[in-house]
Each structure stands twice: as C-alpha cells, then as structure tokens.
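Hi,

Here is the structure you were waiting for. Please open it alongside this note; what I found follows below.

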Amino acid sequence: MFFEGFTLETRQIGGNAVRFRKGGSGPPLLLLHGNPQTHAMWHRVAPELARRFTVVAADIRGYGFSGKPPATADHAPYSKREMAKDVVGLMHELGFPRFQVVSHDRGARLAHRLALDHAASVERLCTMDIVPTLHHFEHVDMAFGLGYYHWFWLAQPHPGPETIIEQDTEVWFDIHTSREPKDKSFFHPEARADYLAALKLPGTVRAICEDYRAATSIDLEHDRASRAAGEKVTCPLLVLWGAKGKIGQWYEPLEVWGQYASGPVSGHSVNSGHYLAEEAPQEVLAALDVFLRA
C-alpha cells in the first residue's frame, strides 16, 4: 500500500499552501524531500517510522502541490529561510513546537537553515546526500561542475532553463534523476506519477529554478552571515550519503559537517546512489532507528 494509514491534506501557512501527509503516533517527525520530487519519496520509510512517530511528510515550497509564490528579482521567496518558515509554521499549527527532522537533497538544505533559524524547534536532524551549500560553492572544481552541472544551469536567468524543461518535463525528469543509471521502473509508479503531475503544474518549473537561483545568491548571503555570527547546528546531527553517489567521492562528509555543527555529528554511507530512502530503505531505517528518539 502507498502511505497506508496516512491522511493527505493542504493547509495555508503564512499565506502559502503546504501539502502534506500525516500518519502514526508518538513524538513528531518531519520529513523533507528533495528535487525534483515530492513528499512521496518517503513512501518506503514513512509507514515504518509511523509505528514509533507522528510522521509529517510535506511538499516543500515551490515543489509538489505546495504553494509557488511569485518570483522576485532577489529570489527571496525561494530562500531556504522563507522555505523553512513554511514547515516550522506547519509543525507549530499541528501542535508540535519541537520536533525531529529527516531530510534529503534540497529538503536537507532547507533543514540546515531550519536548524539555524529555529534551533529551539529542531530536536534532532538527519541530512541525506548533501554537504552545506556554502561549502559546495567555496570548493568548486571541474568534478563538481560536471557532476552537479544542473546547479549552474537551473540558476541561469528566467526563462532559459524553464523554456527547455517545459518542452518535455518527463524527458527532463528522466535525465535529471539518472546521475546513476536507472530505468523508468526505478521509482514506485504512484510516486513517479506524483512527481510528474507536480512538475506539470503551472509554476513548478519556475519555482524549482528559483530554488537554485536563491542558492547562488541570497542563500549564500544568509549562510555567510550565519558563519560570521558563529551560528552552527546545535542539535545532534546524523549525516547519511549514498556510497554510489558523489558526496563521499568529493568530500569527507562528517569532517565537513563538523565545521558547521557544534553538537554531536555522526553518520555513514548507505549502499545506494542519490535516492537513499527509495533505494536502500532498510539501511536508512536502521540508521534512523538508532538516531531518533521515540
């Protein structure tokens, strides 16, 4: 079953719609997805986590069926600071002033900012397959440029990348999600259908590009200001990455995250490519079972 026992709803948070699934009982746990996906990416782990936690899996701003605010010249509506306000607002509205977070890819970048700006709300944080955005950009080399070329292409001025992607969003999706070779059966059919339906909604492709434009501009301003102020992740941090992906090839992830956290940092690679929760759900669940507080 696909998210058996979960409800699906949308709420207005600070003037922006947030779609999410909720299920289970116990301490609150927020799941944040990556690009170009929706909360549906958690379908293989959320039902198991719901045995111990009240699980909230949300579509982050601009993605899925959540709101897509109009773009601005400074890309501020898609800064991770603004995106974090959506999810912390949602959790507070649901009655959860303090919660744990599990995050992947772009959702993990949002979660990093969430842990800095709303430290009192984040009890524990797990990031999957990233190092901090600032570290990426301050250590760019040819390998990064080729491996993560989409960071630079999606950040090009509107409407360049949007025009190309919208010519055939499904072709783009298949190319974009194949950093390790995979066929169309890789993603669960209901999850894949949700990803593609969201991509075809008016405004989604623009919002995705704005996310990457913000990462090259206003997000870096916020990150540098946080570094200058000595702000670090204070809660316990679990760092997971795909052994078949790029993060472990390019960096020492625990060492890098140790520079951005003042609390305990632990973690390890998972036998997967980029999509840990869909490729190796049992390994992910085993790591979370040890790390999360029930």
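H8 crosses H9 in a right-handed sense. This is a predicted model, so please read everything here that way. The two helices pack at an angle of about 125°, and their axes lie 10 Å apart.

Which residues make the contact? From H8, they are Thr 169, Glu 170, Trp 172, Phe 173 and Asp 174. From H9, they are Arg 192, Tyr 195, Leu 196 and Leu 199. By class, that gives 5 nonpolar, 1 polar and 3 charged residues.

Now H8 itself. The helix spans residues 169-176. Its buried residues are Thr 169, Trp 172, Phe 173, Asp 174 and His 176. The cover over them includes H9 (189-199), along with H6 (149-154), H7 (160-165) and H10 (204-215).

One more site: Leu 90, in helix H2 (residues 80-93). Is Leu 90 buried or exposed? Its relative accessible area is 0%. Buried means under 20%, so Leu 90 counts as buried. Beyond its neighbours within four places in sequence, Leu 90 is in contact with Ile 13, Val 18, Phe 20, Val 56 and Ala 58. Leu 90 and Gln 12 are 78 residues apart in sequence. In space, C-alpha to C-alpha, they are 8.5 Å apart.

Best wishes

Notes
Residues numbered from 1 in each chain as written. Predicted model: local features only at pLDDT ≥ 70, side-chain atom pairs only at ≥ 80, totals over all residues. Heavy atoms only, no water. Buried < 20%, exposed > 50% of the residue type's maximum accessible area, 1.4 Å probe, protein only. Helix = DSSP H or I, 4+ residues; strand = E, 2+ residues; numbered from the N terminus. Contact = heavy atoms within 4.5 Å. Axes fitted to C-alpha atoms, helices over the stretch in contact; angles between N-to-C directions. Left-handed = near helix turned anticlockwise from the far one by under 90°. Nonpolar A, V, L, I, M, F, W, Y, C, P; charged D, E, K, R; others polar.
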